[in-house]
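Please examine the sequence and the model before reading the solutions.

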Amino acid sequence: MSVVAAKDQPAGFSFAQYLTCMNGIVWREGLRFLHQRERFISALVRPLVWLFIFAAGFRQVLGISIIPPYETYILYEVYITPGLMAMIQLFNGMQSSLSMVYDREMGNMRTLLVSPLPRWYLLFCKLLAGTAVSVLQVYVFLAIAWFWDIEAPPIGYLTVLPALVLSGLMLGSLGMLISSGIKQLENFAGVMNFVIFPMFFASSALYPLWRVQEGSPMLYYVCQLNPFTHAVELIRFALYDRINWMSLAVVAGCTAAFMIGAIVAYDPSRGMSRRGPAGGET
C-alpha cells in the first residue's frame, strides 16, 4: 500500500513550488531594499555627481563626435548617461553580493541553501531579485536625468529594459562569484573596490574608445576585453532602439560563465558545508 502511494506522488517540485520560492526570495530582497533607504540614496548620488558636476566641467574639454548609435553631435552628459546607468548596476551587484557575505556570517544563507530546491535555482532567484532592484534604481535615475533635459527616444525607455536585465544579471553573477571566495565581511570592501573602479574606468562609460586608442593603444585593448565595456555599449545602443550584436554576445556569454562559476563555488562540498580544522563548519 505504501509503495503504491509513493508511486502516486509526483517526482520533483511543481511549478507552483518553484514560483513560491522565487516570490519569497524576491520579496525578502525587496523588503531589505525598502528598509535600507541609505542604499537607494547612495546608489543615485554617485551617478548624479558625475552627471551634474563632472559632466558640466568636462563638457568643453571632451566633445563627442558623431559615433554610433548617435546620429548627430551630442553633449558629454548625454554620452556618459548609459555608462552611469551601468555603474548603478555594477555597484548594486556588488552590494547585493555583500549582503550574501553578511547572510553567510549570520547563518541566513545556510538556512536558504539547505532548501530541498536545486541550489542553482536558489542562487538564480537571489540574482534575479538583485537585478530587479538595480533596474528600478536605473529608471529612477533616468527620471531625474529627464528633468535635466537628458532625454532618449521615447521607445528607448522600453527597448533598454532587456539590456538592463541582461547586464544586471551579468554584474550580479560576477559579484556572486566574488562573494563565494570572501569568508569575512571586513575583506569584501577592499575586494569590491579592486573590482569596481578598474572595471568602471577602463571602459567606454566616460569616454569613447577611439579617444582611448589615440592616447594609449594598450589601454584600448584592456577596455575591449573588459565585459563592463560591452554592458555599457549594450545599454547605449538599446537606449536608442538599436542592437550591438557583439556586446550582446559578450554580455550573454559572461553572464553564463559567471553564473556557472558561482554555482560551482557555492557547492556544498567546498562552500557552506566545508569543514574546518577542528571538525566544525567554516
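**Exercise 1: the second largest cavity**

The second largest cavity is lined by Val78, Thr81, Leu142, Ala145, Trp146, Ile150, Glu151, Ala152, Tyr157, Leu239 and Tyr240. The model is predicted, with pLDDT of at least 70 needed for local features and 80 or more for side-chain atom pairs, while totals for chains, interfaces and linings use all residues. Residues are numbered from 1 along each chain, and side-chain values use heavy atoms, without hydrogens and water.

Describe the volume of the second largest cavity and the origin and class of its lining.

Step 1. A cavity is a set of points on a 1 Å grid over the protein atoms alone where a 1.4 Å probe fits but cannot get out, and lining residues have an atom within 4 Å of a point. The second largest cavity holds about 70 Å³ of space.

Step 2. Helix 4 and helix 6 each give two or more residues to this lining; helix 6 gives the most, with 3 residues.

Step 3. By class, this lining has 9 nonpolar, 1 polar and 1 charged residues.

**Exercise 2: the largest cavity**

Which helix supplies the largest share of the lining of the largest cavity?

Step 1. The largest cavity has a volume of about 90 Å³. Of its 14 lining residues, Gly93, Ser96, Leu127, Gly130 and Gly172 are the closest to its centre.

Step 2. Helix 4 (76-106), helix 6 (119-147) and helix 7 (156-179) each supply at least two lining residues. The largest share, 6 residues, comes from helix 4.

Step 3. This lining has 3 nonpolar, 10 polar and 1 charged residues.

Methods
On a 1 Å grid over the protein atoms alone, a cavity is a set of points where a 1.4 Å probe fits but cannot get out, and a pocket is an open set with protein on both sides within 12 Å along at least five of seven lines; lining residues have an atom within 4 Å of a point. Grid points are joined across faces, edges and corners, and a volume is the space filled by probe spheres set on the points. Helices (H or I, at least four residues) and strands (E, at least two) are DSSP runs, numbered from the N terminus. Ala, Val, Leu, Ile, Met, Phe, Trp, Tyr, Cys and Pro count as nonpolar, Asp, Glu, Lys and Arg as charged, and the others, Gly among them, as polar.
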